[in-house]
Amino acid sequence: MNPEIKNIGMPILKEIPEPQLSNETLERIPRAYLKRFFLFPFFEDDNGVRVAISDPVNMAPLNDLGKLLLKPVEPCMASEEEINRCINLYFGSATDTAERVIDDLSGEEFENIAEELEEVQDLLDAETEAPIIKLINLILYQAVESRASDIHIEPYEKDMLVRYRIDGVLYERLQPPKKFQSALISRIKIMANLNIAEKRLPQDGRIKIKIANKEVDIRVSIIPTAFGERVVLRLLDKNATIFDLEDIGLVEQNYKFFSRMIRKSHGIILVTGPTGSGKSTSLYAALNKINSPDKNILTIEDPIEYQIKGIGQIQVNPKIDLTFARGLRSILRQDPDVIMIGEIRDLETAEIAIQASLTGHLVFSTLHTNDSAGAITRLTDMGIEPFLVSSSILGIMAQRLVRVICPACKVSYRPTRAELEELGLDPDRVKNPMFSHGKGCEKCFETGYHGRTGIYELMVANDNINKLILQNVDSNQIKVAAIQNGMRALREDGAQKILQGITTIEEVLRVTQE
């Protein structure tokens, strides 16, 4: 058979449909060849194979693919990004899954598995690697595809568990047999340049890899437990874009106040909330908003999660005594206009931050407190004089992250009076309230949620608030005064997002429980 390309005016595809190919054809297709020439075969019948291409001028690779498949090929136009996405999605996981690799490992010998291996360009191209390496690669790949922020590898007495944190919630994904434990952990240690012989002490490291054309930084934490070493991998996508301030979920009133605040020439703006509540994301969005050639913006962080062009960023390093306080002193000698401190952890850092704000610098930072008013008492508890707090604070924003309802399986329902009252809404005042939730589908991994947004509580420092700070009153009185001045509490902001169909009552109650 002499395969040739059919000329049918070449249709243009915005989205390539899910491939419908025989197993025989799938086995013949070399993934590396598809990636190199941006080709994606997606449909097969008796007349031939339909292939998405990005370059209609260069037909030689398409002809060669036709010869390889022994069938006529019919081209369709698609973008390089769309072709690449489909190759990674369908050919990255079509031939192997982590579960299948675990099955294949049954008869392997593991004593000498932890050997130094040469780095692969892309983890998905590691088709000829040892099974244990392929398993780690697939665990990482599946985590990236699932939008996971963390991977937990947890050993127990008779088994082990792999869990992914997706949208802030942990989901069980794999249960590799216990006998693979030491091999898996040794492989991770090799990738992170850690000591594979040391199993009694905690170890921290870093891995830089490429998965499906995404550069991913992985922070590795290993601790010894009763049943072996426990590993947590934090995935940081280096290609992730920084959110715009408009996109983080601020309601119009809070957006106006916060935008005005971040353009002031001096003072402190604090963002508070527990670990994983999106504080850094909000600060990056604020810095990105005010970043301009006429401003000198410097940050000191632990770790640097996003790199912003035009901003000087310093990484804290306790091993060489580069702490927040020491780095902050050095930053002040660099003539900054705006300073961002990753976190105020101690009195020394707090004192320098306040002095910087009083000497003409705009300072952004974070604190671990439950609400906005609590940040005031935290600073005074650290030892900062109330008059210094009142003269430097511009505003404090408390926040939480709530999961967004998956649009593909979203359904609405009428809430009960009890549900409205639990959110602090008056059932007699809210007209025709409708809540929503997700039923669960393939797109959201049956969770009913896809992505996250923030709920916020923005306290703007005014004369009334400053008087209370000077009187050293407790945080509850400050919060009551702030609400009287128009502040919307966290749960109230969450209630509005429920009524707008953005999130669910379960999510808001989960993150705002006192």
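Helix 10 (residues 324-332) and helix 11 (residues 347-358) pack with their axes 8 Å apart and at an angle of about 20°, where helices (H or I, at least four residues) and strands (E, at least two) are DSSP runs numbered from the N terminus. This is a predicted model, in which local features need pLDDT of at least 70, side-chain atom pairs count only at pLDDT 80 or more, and totals for chains, interfaces and linings use all residues. Residues are numbered from 1 along each chain as its sequence is written, and side-chain values use heavy atoms, with hydrogens and water left out.

**Helix 10 and helix 11**

- Helix 10 and helix 11 are therefore roughly parallel to each other; axes are lines fitted to C-alpha atoms, for helices over the stretch in contact, and angles run from 0 to 180 degrees between N-to-C directions.
- Angles under 35 degrees count as roughly parallel, over 145 as roughly antiparallel, 65 to 115 as roughly perpendicular and the rest as oblique.
- The crossing of helix 10 and helix 11 is left-handed (the near helix is turned anticlockwise from the far one by less than a right angle, whereas clockwise would be right-handed).
- Helix 10 contributes Phe-324, Ala-325, Leu-328, Arg-329 and Leu-332 to the contact, and helix 11 contributes Glu-348, Thr-349, Ile-352, Ala-353 and Ala-356, with contact meaning heavy atoms within 4.5 Å.
- Among the residues of the contact of helix 10 with helix 11, seven are nonpolar, one is polar and two are charged; Ala, Val, Leu, Ile, Met, Phe, Trp, Tyr, Cys and Pro count as nonpolar, Asp, Glu, Lys and Arg as charged, and the others, Gly among them, as polar.
- Ser-357 has its place in helix 11 and counts as buried at 1% relative accessibility, buried being under 20% relative accessible area, exposed over 50% and partly exposed in between (1.4 Å probe, protein chains only).
- When neighbours within four places in sequence are left aside, Ser-357 is in contact with His-266, Gly-267, Ile-268, Val-363 and Ser-392.

**Helix 17 and helix 18**

- The axes of helix 17 (residues 490-499) and helix 18 (residues 505-512) cross at roughly 165° and come within 9 Å, and the two helices are therefore roughly antiparallel to each other.
- Helix 17 passes helix 18 in a right-handed crossing, and the contact is made by Leu-490, Arg-491, Gly-494 and Ile-498 of helix 17 with Ile-505, Val-508, Leu-509 and Thr-512 of helix 18.
- The residues of this contact of helix 17 with helix 18 divide into five nonpolar, two polar and one charged.

**Helix 6 and helix 7**

- The axes of helix 6 (residues 131-145) and helix 7 (residues 181-191) come within 10 Å and cross at roughly 75°, so helix 6 and helix 7 are roughly perpendicular to each other.
- In this packing, Ile-132, Ile-133, Leu-135, Ile-136 and Leu-140 of helix 6 meet Ala-183, Leu-184, Arg-187, Ile-188 and Met-191 of helix 7, and by class the contact has nine nonpolar, no polar and one charged residues.
- Met-191, found in helix 7, counts as buried at 17% relative accessibility.
- Leaving aside neighbours within four places in sequence, Met-191 is in contact with Ile-136, Leu-140, Arg-206, Ile-207 and Ile-209.
- Met-191 and Val-220 lie 29 residues apart in sequence and 9.8 Å apart in space, C-alpha to C-alpha.

- Six strands form an open sheet with antiparallel pairing, in the order 6-5-4-9-8-7, two strands being paired if DSSP finds at least two bridges between them.
- Strand 6 (169-174) and strand 7 (203-211) stand at the edges with a single partner strand each, so one side of each is left without a neighbour in the sheet.
- From one strand to the next, the twist averages 25°.
- Strand 4 (residues 148-155) pairs with strand 9 (residues 228-237) in the antiparallel sense over four bridges, and Ile-153 has Val-231 in strand 9 as its bridge partner.
- Strand 4 also pairs with strand 5 (residues 160-166) in the antiparallel sense, over seven bridges, and a hairpin joins strand 4 to strand 5 through four residues.
- Asp-150 has Arg-165 in strand 5 as its bridge partner and stands opposite Arg-234 in strand 9.
- Strand 4 is mostly covered, with seven of its eight residues buried.
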